[in-house]
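Take a look at the structure below. The paragraphs that follow go through its pockets, then its DNA surfaces, then its strands.

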There are 2 protein chains.
Amino acid sequence: MTEPGPPALLRTLVSWQTGRVSTLGARLTAARMPLEARSDFAVLAALQEYGELSQAELGRRLGLDRNNVNGIVTRLENNGHVERRVDPADRRRNIVDATDAGLRYLDDLNARALDVQDELLIALDPGERQQLQALLEKVLASHPAQPA
Amino acid sequence: MTEPGPPALLRTLVSWQTGRVSTLGARLTAARMPLEARSDFAVLAALQEYGELSQAELGRRLGLDRNNVNGIVTRLENNGHVERRVDPADRRRNIVDATDAGLRYLDDLNARALDVQDELLIALDPGERQQLQALLEKVLASHPAQPA
DNA sequence: TCAGATACGTTGGTTCCACCAACATTGGTA
DNA sequence: TACCAATGTTGGTGGAACCAACGTATCTGA
């Protein structure tokens, strides 16, 4: 029987592998929530951990560029998950802060994200999951998160 | 000074990490070749390793759906990297095969892909790279490559 | 045998995301 | 003061994963 696996040139290419795993994650995510919720999750997680931030700073911390941050924040604002106001100390900036509803929304999204994670990594034992996460973190830490 | 790192909720989420690493890989790739070459690379790698395949089988082995395979094969055909003919044994199928020029193109793309890989994984020693690759492979192997 | 289900390729369209370009406003600096 | 940099905003491009529908060809089972 023909093994329908990917060719070796791809199987050994981390940049290809991560793309596939990421797509798998998106697919599992889509089964539980609208796909756009992933951006919401990232922004709300940053606001929860760091408190209020400007849009540009959100972009820098999350690796998103400021064009996209704008759209995400607008969506969150329309849904009451976030408040946006001009920074009186620097009127170029918009200060973004999570609302209570936003934090509840975050908790919900986080629970679903952990479910996805479990399903995605079903083949790995806890030690391997920890290893994988640490290696990916190391890779990311070595590259500046460029966009602003 | 404020550490501009991503929040812990994301840093520990493999599905988010892989997305970021994949984006980094795409960025490094884009610096060396047109982005669309990544699809070309995948298809040509499969043809080199397995020989001629139908479009549907290409999709199954690579995890692409047949709509996108069609576009990629058309592009490769227009550039003389691939030949496409109807399977006489099953006239529903198109048999796709790499040309000599296509295989040379593949070698070129592969060399660049390995350069990208080196730059992407600069923070990992050879043992860690091997570990990361093996863990990702294990994750992928546990999930059926769905599209056709 | 033949009628229905299935597989394949193709076209056309949607959504998400990364990215680029340009602009007005505001703040910092030489 | 004159210049430059940062910010938010709008509008647009391209890649990739999807979904829907269609015609053609093959297979299956009644």
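**Pockets, DNA and sheets**

The second largest pocket is lined by 27 residues, and those nearest its centre are A:Arg38, A:Ser39, A:Ala42, A:Leu64 and B:Trp16. This is a predicted model. The volume of this second largest pocket is about 550 Å³. Which elements supply at least two residues each to its lining? In chain A they are α2, α3 (37-50), α5 (66-78) and α6 (100-120); in chain B, α2. The biggest share comes from α2(B), which gives 6 residues. Sorted by class, the lining of the second largest pocket holds 14 nonpolar, 9 polar and 4 charged residues.

Now turn to the largest pocket. Its volume is about 720 Å³. It has 31 lining residues, and A:Trp16, A:Gly19, B:Arg38, B:Ser39 and B:Leu64 are the closest to its centre. Two or more lining residues come from each of α2 (14-30) of chain A and, in chain B, α2 (14-30), α3 (37-50), α5 (66-78) and α6 (100-120). Here α2(A) gives the most, with 7 residues. The lining of the largest pocket divides into 15 nonpolar, 12 polar and 4 charged residues.

Of the atoms of DNA strand D that come within 4 Å of the protein, 58% belong to sugar and phosphate.

A:Arg60 places a polar side-chain atom 2.6 Å from a phosphate oxygen of DNA strand D. A:Arg66 reaches a base: an N or O atom in its side chain is 2.5 Å from a base oxygen of DNA strand D. Chain B takes part too. A polar side-chain atom of B:Ser39 lies 3.0 Å from a phosphate oxygen of DNA strand D. B:Ser39 is also among the residues closest to the centre of the largest pocket.

Sugar or phosphate provides 59% of the atoms of DNA strand C within 4 Å of the protein, and bases provide the rest. At least two residues of the surface near DNA strand C come from each of α5 of chain A and α2, α4 (55-62) and α5 of chain B. The classes there are 3 nonpolar, 9 polar and 12 charged residues.

Which parts of B:Asn70 and B:Asn94 lie by a phosphate oxygen of DNA strand C? For B:Asn94, a backbone N or O atom lies 2.9 Å from a phosphate oxygen. An N or O atom in the side chain of A:Arg91 is 3.0 Å from a phosphate oxygen of DNA strand C.

Step back to the fold of chain A. It contains 7 helices and 3 strands. Along the sequence they follow the pattern α-α-α-β-α-α-β-β-α-α. The C-alpha trace of chain A spans about 65 × 30 × 25 Å along its principal axes. Of its 148 residues, 46% are buried.

The strands of chain A form an open sheet of 3 strands in the order β1-β3-β2, with antiparallel pairing.

Chain B has strand pairs of its own. β1 (residues 53-54) and β3 (residues 94-98) of chain B pair in the antiparallel sense over 2 bridges. There, B:Ser54 has B:Ile95 as its bridge partner in β3(B). Strand β2 (residues 82-86) of chain B joins β3(B) through 5 bridges, again antiparallel. One of the bridge pairs of β3(B) links B:Val82 with B:Ala98.

Methods
Residues numbered from 1 in each chain as written. Chains lettered and ligands numbered in written order. Predicted model: local features only at pLDDT ≥ 70, side-chain atom pairs only at ≥ 80, totals over all residues. Heavy atoms only, no water. Pairing = 2+ DSSP bridges. Helix = DSSP H or I, 4+ residues; strand = E, 2+ residues; numbered from the N terminus. 1 Å grid on protein atoms, 1.4 Å probe; cavity = no way out; pocket = protein on both sides within 12 Å on 5 of 7 lines; lining within 4 Å. Points joined across faces, edges and corners; volume = space filled by probe spheres on them. Nonpolar A, V, L, I, M, F, W, Y, C, P; charged D, E, K, R; others polar. Near = heavy atom within 4 Å. Polar contact = N/O pair within 3.5 Å; in protein donor to acceptor, adjacent residues only side chain to side chain. Buried < 20%, exposed > 50% of the residue type's maximum accessible area, 1.4 Å probe, protein only.
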